[in-house]
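These are my notes on a structure I had not opened before.

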Amino acid sequence: MGNTLDRRRFLQGVGALLTLPLFEASASTKKSSKPPVRMINLGWAYGVTGYGKWFPETGSGFDYKVPECLASMEKHKKDFTYFSNISNPFTAGGHNTCTNLYTCANLKRTTGRSFHNSISSDQLAAKHLGAHTRFDSIVLGKRGNGTGPCLSLSWDESARPIQGMNDPIQLYNQMFGDGSVSLAERKALLRKKRSVLDTVYLDSKNLKKKISRADSVKLDEYFEMVRKIEKDFEKEGEWLKIAKPKTDLKKPVNGLRGEKNIKAMYDLIMAGMIADSSRCFSYLIPIYSMLKEMGVEGSSHAISHHSKNNMALVADSIKINTKNAELLSRFIDNLKSYKESDGSSLFDNCLVTYSSGTRIAHSVRDLPCILTGNGGGKIKHQGYIELENGSNRMSNLFLTTLQTVGVKTDSFSDSNGVIKELLV
Amino acid sequence: MIKLFSFFLAVLIPGASSAAEMSYSNTLKPFINSYCIKCHGPSKQKSNLRLDNLPFTLKDLANVEHWQSVLDELNQGNMPPENAKHPEVEEFSSVLDFLMDSLEKSKKNLYGKGKGTLMRRLNKRDYSNSVFDLTGVKIPEDSLPQDPKGASFDTDGSNLFMSSYHFFQYQSLAKKAIRDAIHFENKPEVRRIVFHPVAGLDLVPLKFKNGVASKTLQNYQSNLKAFLKKFKIPLKDALSMKDQNVKKKSGANTNAKTVKVPEGLMHNVIISPWAFFTKNNQKGNGMIERLLMSLNGMVDKGSQLSTGMYKFSITCGYGNMDPSDKAFIAIGTGNARKKSFSTVEKYDFVELKAKSKKPQEIVLEYYIDMNNDIGLKTDSIFHIKSLFQNPIEMTPDMKKNNGMNNFPFISISRIEVSGPHYKEWPPASHKKIFPTRQGNLSETTYIRKIITSFAKKAFRSSPPTDKYLKSLMAIYQERRDEGESMEKAIEEPLSIILASPSFIYIAEENTDNKLGYISQEELAIRLAYFLWSSPPDERLLKLAHSNKLKDPKVLRSEVRRLILDKRSFKFSTGFVEQWLDVNEIAQRDVPVPRKFSPVFKKAVKASMAKEPIHFFDTIMRTNYSLSNFIDSEFVVVDNVLANYYGLSAPGKVGFSKVKLPRNSPRGGLVGQGAFHLIGSDGVHTKPILRGAFVLSKIIGKPTPPPPENIDMIDADLVGRETAKELIALHTSKAQCASCHRKIDPLGWGLENFSAISKWRTVEPLKKLSVRDIRAKGSLAVETSGHMPNGNKYKGLEEFKKQLMGYKHQFSEALIEDLVSYALGKRIGVADEKLVKILVSRAKANDYKLASIISDIACSKTFRIK
């Protein structure tokens, strides 16, 4: 189609990256001895239980008693770090739950906009690691279901929330294929998708000519979107040549809800790591339907506002946090049990951050945050550590994880250094 | 830009900043001198911060942000440091109050920026209605991407962003809408089905385990026999009845079909609350039985039912009912995919007026969408439930006869469903896309015509280019060449139109016109999206094209027409949902123990969320005064709410205006269940939330949300039993007191309304659980407080009288919100003049709502770019 070239020129004109420099390399590194390091960002809304039920009240290093809610993590005690006094200093209000948890953005002070976010750590990592894999990143979890106002854990470069997937079957098919479509058909499908993009691009150009400059800035969002989709198509085209990987994991059954759904998602994340479908994952864990399954009456919001005045709410909060931790512990078990080609375990070659954007109610200081996984042998877990004021930023942790998974950067959002204690 | 702007600000309101500076030297300055200067003054500047010479202009963002970080430090309790001198609570809280207030005001001005309306993407409501206008098919708003919740309304272009998710979602939902609109097939046969509770349906008592109905039915035959025997209800011949009898009974309905009940989809019907009594607790929750049906039972396996209008007729009546009780039939509609109760989206309630001996017929119509693609509604299901409003107590009389005597019951003797009913065929939606094809027209010409006119209409003011249309034709042709049918092949090009920028943005041409007036066509579009959340109709466009809309008289009468048209309900919904945040209700769990049946509870909650919207809508249509929002002699309720409030029910399904009896507390917004529910946790009231609502919405003084990181007050509760005592703790901490001394005294006015909006005179003790409350009792409700101007009140009546004194402030705040919605931006200093004019006009005209809206739509600001 005539305008295809024209649009490509436009894409190059604004400096979009159309080539895939690492793509050729990836095929050869695939079988190399050193497995890649993956980043997994986990989050949930509405915080944890207070009164020493989630946070240890005393102790340091490995000399602390694992609190009630995290009892299932006791067996992994040597393999995770438990942060005390870690925060996103520029969170606006206690009502944003996880909105800037993994972006560390300053949500309230941006001129002329009532809301602004920035890129999240998994997406930044995806920009660097994505070229090796079929999917730059895999974003999971869906808005609603107890996530409060948080739209997603993952935000792209233009600070747009990335819609997560919450259907295990859809995720399975994306990573491993459903085997029903031939290569020729998939090629034809992609060509058709591109002609759709070409057509709307024509209209965008025409509209741009007619509107004011201020409105034109608004329309740039649309161009930006076209550009992003085009890049995705470009990659899809390249990867069409390579058959989707096989997996030992059985295809999930229909209609999984609550706990079963979360388990299936964890299993799929692991299968995706094994197949090297992506190296960057984020998962906004939906807790609401799990709450209902456990027979908890109240809403996630009400439970987060528990206080000693209402022991029933505290009990509900403990229930949900315990269950959430059990699922994490099970995930760690599985990661440890899988041996990679060089004899190391999957657990050795990943970095999992497990955190929530609030502590209790509206409190956004001293967030619940656990780091686990050995980061390719680069991470030395510290047990329970209290960070010093001034350097106690979430962004410092993410800078550390970004560097560990191989992203060459010396800053992330408002970071002012890495967390040195974690490095081997 | 910012410099230029602050100059503008200074010229426009010369008095404002000097007043702020004056208060500064009275409050903040002395505070800094006493508590901050030692470390942040001339001799020392810890953290590089010097406060004594930091100007308090608040005229540019840098300065505002500087002071904001000072406020943050104070709020978080970091400053003054522990070992330093600390201010008294009273002094501290007035400083915080002053600083917060000044910052909020100046931020508001800075955000306004004096700019005109920014081009915006269609929000969910706009998109759904615009597609409906083009295809006659409604895309459920909930299936569209969520619009972000900003500080302004969802008409503000700066918040409405675009992403690839939007793009793909638009295209796939649009495809679905187009598919639903086109009907080349023959008119579907109207099917009729008669459900007969005896022969046509299973008739089995539900089995119970711990009071919860079990869905598995065992020993069907023996249960049924035992059941019939126990109740001695005239169904003796039940088992001997055959399907033929039903056919005979339904008489003229020759194509009536007796249903084989699909397993798992249908349970049973009628009879008695017996099933809901358990051995331990001899109380029922009032709900009787439920009939869950899927319309797929109407057709043979493998064939599909058609989308369309279906008619339900239910013959029913009650028996043995307590005279103080009420009986209902509730019809719940929802999605069958999950086959569970939670999927029922809405209930329609009809109160029963007839006894079972002389049953009544209830007829309702539903539009049913049978297609099940891409996450839209799948097979529809219906719950038909019969229920009593009140819990049923087991009386000694009932216990006689083996405990099964004289139970209240509701019987359903017949249900007939028929459909789909179409007024015309092919339906209007089809004709919208495919006009009659002239005999000699080639397919290419015909399709080009269709695509062109669809795109032209979709793009509103900006006609599509030839290149664009050609590209769409090529896509159509490619699919045709692959062997797709005409109606299938056209889905793609039409759906592309509905994801193209000229459709999804409300674009206005850059005009050289010095005054900046938008064209008349653009004005028509603005008006329609303001008042209808939809594109303009033909009449409005005609007036625009014939240059008549600029005539002030024509404009005003058109605005009036738009307001009176039923489509303006979309404006009422969109505006009120955001203005009053009524969707919050969905977030409230209402654990009312056994008080009402779960169905009724759900219905009450849903109706409460709608009440303020219908109330606003009625006030707008009748051009009543805004004072009705503070207190009114009427409410706008449906059967469920009328019953809940103890008023006479309007009878028909839906909301209607009902005049309040003298002394009813339900007048005005503050009498409505929505706010009592939002201002509660389901068990206890939350006077603070209610106070904050009154302060921000009625008195018109918005308060910022609680600052982050303030520890919740968790004081020792011994000796503090009532809400008032608990809340008094707020004043013990300056960071809380700065706002709460304004909020809390307002919360008591509504204390006569319980957590679930029932009138009460006593309140349960705070620290007790629900069970303890029952056992240990309660205290008289505290209903006295004071207004921001210091006036005291006691009780709801005095409270409302005092609130009426704030009518002007209320109107001013509401007008600002209406302007913000209409112009699609945050209100800033540039809009002050407009707001002022509108407010003074409103005052002269008794604050009539429709007149205010009309003034906004006719204002110059609304007509310029």
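I took a residue as buried if 20 or more other C-beta atoms lie within 10 Å of its own, exposed if 12 or fewer, and partly exposed in between, with C-beta atoms placed from the backbone.

The model is predicted; local features need pLDDT of at least 70, side-chain atom pairs count only at pLDDT 80 or more, and totals for chains, interfaces and linings use all residues. Residues are numbered from 1 along each chain as its sequence is written, while chains are lettered from A and ligands numbered from 1 in the order in which they are written.

I then listed contacts of B:Leu527 (C-beta atoms, placed from the backbone, within 7 Å). Beyond its neighbours within four places in sequence, B:Leu527 contacts B:Pro536, B:Leu540, B:Val559, B:Leu562 and B:Ala857.

For chain A I noted 11 helices and 7 strands, both being DSSP runs numbered from the N terminus (helices H or I, at least four residues; strands E, at least two). Of its 424 residues, 46% count as buried.

Next I checked helix H13 (residues 466-481) of chain B. At 1.5 Å a residue, its 16 residues should span 22 Å, and its end C-alpha atoms are 22 Å apart, which agrees; the expected span is 1.5 Å times one less than the number of residues. In H13(B), B:Tyr468, B:Leu469, B:Ser471, B:Leu472, B:Ile475 and B:Tyr476 are buried. They cover an arc of only 160° around the axis, so they sit on the same side of H13(B); the arc is that of the directions from the helix axis to the C-beta atoms. On the other side of H13(B), B:Asp466 and B:Asp481 are exposed. The buried residues of H13(B) pack against helix H5 (183-210) of chain A, together with H12 (443-458), H14 (486-489) and H15 (491-497) of chain B. After H13(B) comes B:Gly483, with a positive phi near 100°.

Last, I looked up B:Ser164, which lies in helix H7 (residues 164-181) of chain B. B:Ser164 counts as partly exposed because it has 18 C-beta neighbours inside 10 Å. Not counting residues up to four places away in sequence, B:Ser164 touches A:Met225, A:Lys228 and A:Ile229.

Key: Two residues are in contact if their C-beta atoms, placed from the backbone, lie within 7 Å.
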